[in-house]
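Here is a short briefing to read alongside the model. Please keep the sequence and the 3D view open as you go.

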Amino acid sequence: MTVRIALSAMAVCCALAVTGCTTPPVARPHSDAPKPTPTTTTAPVFSDPRDRIGESCAVLAAVDTELQNATLQHAKGALSDAQFVAIVNTAPTTLQMLKMLVSHGLESDVGALLADTTITPPAVSGETFDPWGEPFRGDMLHAVSSCSQNGTPMGVLIPGNG
């Protein structure tokens, strides 16, 4: 079914691309009016520490969601060892990127989790670390607690069976 949806989407995209190539250009009226000056927008800079912690909590929630979902899917046999390992091995990179942000919150929690990915022994061949091993899991639970205390609780999205 997924292949059929992907093929249908690809067929629609190809049809739109071909139609776009064969349609004659539309003439636009010439105007001597000055063009509006483009404005630039920048990403918000959070000065309140609670906002910076909230940002970190959102990223950590995404990391924990991926790790927990991968574990569940791997246990059901829906993910091969190689697929599971690939997902687990993205966590250190995500944590490193979060740590590199100048304005992130939870510096000690993020730093501990990143360090844990180098010292928590892997459970599956090819993993850089075991997401359910200690000290990683204990430090993730500490981050969950820190996020709750900040008023930005972490949630894990578990996919449905549908």
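Pro 153 counts as exposed because its relative accessibility is 58%; buried means under 20% relative accessible area, exposed over 50%, and partly exposed in between (1.4 Å probe, protein chains only). This is a predicted model, in which local features need pLDDT of at least 70, side-chain atom pairs count only at pLDDT 80 or more, and totals for chains, interfaces and linings use all residues. Residues are numbered from 1 along each chain as its sequence is written, and side-chain values use heavy atoms, with hydrogens and water left out.

**The segment after H6**

- Pro 153 sits in the segment after helix H6 (136-150); helices are DSSP runs of H or I with at least four residues, numbered from the N terminus.
- Setting aside neighbours within four places in sequence, Pro 153 is in contact (heavy atoms within 4.5 Å) with Cys 147 and Ser 148.
- Gly 54 is 99 residues from Pro 153 along the chain, yet their C-alpha atoms are separated by 8.3 Å.
- Val 156 is also placed in the segment after H6, and it counts as partly exposed because its relative accessibility is 32%.

**Where Val 156 meets other residues**

- Together with Leu 72 and Ile 158, Val 156 makes a nonpolar surface patch of about 230 Å².
- Thr 65, in helix H2, touches Gly 155, Val 156 and Leu 157, not counting residues up to four places away in sequence.
- Thr 65 counts as buried because its relative accessibility is 10%.

**The largest nonpolar core**

- Of its 25 residues, Leu 60, Leu 67, Leu 106, Leu 113, Phe 136 and Met 154 touch the most other members; such a core is a set of buried Ala, Val, Leu, Ile, Met, Phe, Trp, Tyr and Cys residues joined through side-chain atoms within 4.5 Å.
- Helices H2 (49-76), H3 (81-88), H4 (91-100), H5 (107-119) and H6 each give two or more residues to this core, and H2 gives the most, with seven.
- Beyond neighbours within four places in sequence, Phe 136 has contacts that include Leu 67, Leu 95, Leu 113 and Phe 129.

**Confidence**

- The chain averages a pLDDT (the predictor's confidence in each residue, from 0 to 100) of 78, and 67% of the residues score at least 70.

Definitions and conventions:
Patches are made of residues with over 30% relative accessible area and no salt bridge: like charges are joined within 9 Å, nonpolar side chains (Val, Leu, Ile, Met, Phe, Trp, Tyr) within 5 Å. Accessible areas come from the Shrake-Rupley method with a 1.4 Å probe; for residues, only the protein chains shown count as cover. A salt bridge is a side-chain nitrogen of Lys or Arg within 4 Å of a carboxyl oxygen of Asp or Glu.
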